[in-house]
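Good morning, and thank you for coming. Please have the sequence and the structure open, and I shall go through some selected features.

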Amino acid sequence: MKLNFLHAFVPLCILMLISSRLHSQSDKSFNVVSYSVNLDLYDNFKVPYPRTFVANETITIQSLLNSGQIVLDAVNKSLLVDSVSGAGISFDHVNNRLTINLDRNYDSLEMFDVTIFYRHKDIKDSAFYCSGGMVYTDCETSGARRWFPCKDAPNDKALVNINARVPARTPFVSIGVLADSTVSGDTLIYKWESKFPVATYLVAIVGKTDYNLDVLYRKQRDDSSDSLQVRFYWQTGETAFNLRNVKNKIGMMLKVFSELYGDYPFEKIGFATVNRDFLWGGMENQTIVTLCPDCWTEDLVSHELAHQWFGDMITPMTWSDIWLNEGFATYSESLWYERTLGKKAYKDNVDYNASKYLIQNPGFPVYNESWNVSEPDDNLVFNDAITYSKSACVIHMLRYVLGDSLFFKFLHDYANDPYFKYGNVSTKEFIETINLVTMRNLQWFFDEWIYGPNHPVYKNNFTIDELPEEKWKLNYTIIQTQENAGFFKMPVELRVEFTGGKDTLLTVSNDYNMQMYSFEFSDQPKKIFFDPDNEIVLKEVKR
């Protein structure tokens, strides 16, 4: 979210097979299997808090084509590359691309290691943050390339080890599990290791000289013997009540989402508040979420926790598919309220997102095809009205179309599909999967709500005619008047109230514009309510 258990080790052969499918939209000549990044951050925690650091990384690569060269992302403004070794014998670093010449041509499926020695420059770059004894990174969408050379695309997932040298007694956290921490004099070296593949934009480091750290263990299920480690890195002066509330409810959040989506997919979950240089509410870095300062709120924490399934475990193939991250995470906030406070709280949250979209709608579709091949503007990618609110409301309407039983079956099946788990998904693949699981063709639904812009505007009318033998005929015509979008096919509910006080709920399929429906009743109709429960939340109704 960018807002204005222990499992078995993933076998390397499986990771390589996953990786070979994932890179269809990026460089097809090689896969990154793993990064091992060594950072000397000692001086960054000391006055005057320089932003420069010295580092090296070893990248394990699988060749996919016969080639003697690899090209990585590395921003020239941020990084200065000193040398390469291993299979790398020379390099050229221009236009934010690090081209490394190899010691020979490597055939398809051959593996080799390249080591890069580099430095981060003493600049602000909206990726590596350093001030006042705090260091952290923020990588979405393309920030990783500003603090370590990498193949920086959402569909490139690899194992990652982060080794960092910091001053003694400095809490420091990264992705994965803490494999080791070694003290030598006034120096502490942390070794964090991911046992599951990570997209580069989800790699993060966070440290602060005076962090407070609470470590809890929570079960995902009452019948489970395993407990998940939950880490809270918080700062003195933050609101104790809010932090305590989140700590008290994190176990229930894990149970709710594990029941809905399957077991929590990673080694731990951590939350760390950072400073006011952080422009967002939170960021779902894999296993270590960063939050804005003192932002211990239920909706934000539940959102970022849900991202561990949708975004981290199942990652978008390209930035065009980002709605599958943010839509499901935002909708998960509503599900959290539904499970803990009831259906009204759920619907209030959905309606809140709908109102945000209807007020702020910029008029472009959820899915932007150009983001498949180009680096999009963050202000477009993280547009609150579209990527978050509209996407979440679309998922609510998908639930309405499918019904609860089929909808929740799909959610669980999708999150546990081995084709996507720890890999990537495209919008096209998502639609194919939901069609397969539900045995229904829902292409029409996504064509209008995801691929098309805007929303329907209804201006309906009706007539009531008295018939012989004390019967009445109701003619109801559904009319869509929007001029900035196509027609929106949807199932529609109509509630009819009668003069005697009774009512009835009718469901019709609105398949074309100006469609008229006729009903006969033995009681006299008095009022007709269109979509009485406001299930089609993304709409306007004109009187």
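I begin with a contact between two side chains, those of Arg97 and Asp73, which meet in a salt bridge with an N to O distance of 3.0 Å. Please note that the model on the screen is predicted. This pair links distant parts of the chain: Arg97 belongs to strand β6 (residues 97–106), Asp73 to strand β3 (residues 67–73), and 24 residues separate them. In general, side chains of opposite charge can pair when their charged atoms come close.

Are the two partners buried or exposed? Asp73 has a relative accessible area of 11%, and it counts as buried because this value is under 20%. Arg97, at 34% relative accessibility, counts as partly exposed.

How many salt bridges does a search of the whole structure find? The search finds 21. Among them is the one between the side chains of Glu497 and Arg495, at 3.6 Å from N to O. Arg495 is partly exposed, with 24% relative accessible area. Another joins Glu540 to Lys542, where the closest N and O atoms are 3.6 Å apart. In that pair, Glu540 is partly exposed at 32%, and Lys542 is partly exposed at 42%.

Let us turn to a sheet. Three strands form an open sheet in the order β24-β25-β28, and their pairing is antiparallel. Its edge strands are β24 (461–467) and β28 (515–521), each of which pairs on one side only. From one strand to the next, the twist averages 15°. Seven bridges join β24 to β25, the strand of residues 471–478. Within this pairing, Asp465 has Lys473 of β25 as its bridge partner.

Next, a helix. Helix α4 covers residues 323–341, which is 19 residues, and it reaches 26 Å from its first C-alpha to its last, close to the expected 27 Å. Of its 19 residues, 16 are buried, so the helix is mostly covered. Just after α4 comes Gly342, with a positive phi of about 110°.

Finally, we come to the surface. Leu213, Val215 and Tyr217 form a nonpolar patch there, and together they have about 260 Å² of accessible area. Leu213 lies in strand β16 (residues 212–218). With a relative accessible area of 36%, Leu213 is partly exposed.

Thank you for your attention.

Note on methods:
Residues numbered from 1 in each chain as written. Predicted model: local features only at pLDDT ≥ 70, side-chain atom pairs only at ≥ 80, totals over all residues. Heavy atoms only, no water. Patch = residues over 30% accessible without salt bridge, like charges linked within 9 Å, V, L, I, M, F, W, Y side chains within 5 Å. Areas by Shrake-Rupley, 256 points an atom, 1.4 Å probe, with all protein chains shown as cover. Salt bridge = Lys/Arg side-chain N within 4 Å of Asp/Glu carboxyl O. Helix = DSSP H or I, 4+ residues; strand = E, 2+ residues; numbered from the N terminus. Buried < 20%, exposed > 50% of the residue type's maximum accessible area, 1.4 Å probe, protein only. Pairing = 2+ DSSP bridges. Axes fitted to C-alpha atoms, helices over the stretch in contact; angles between N-to-C directions. Expected span 1.5 Å × (residues − 1).
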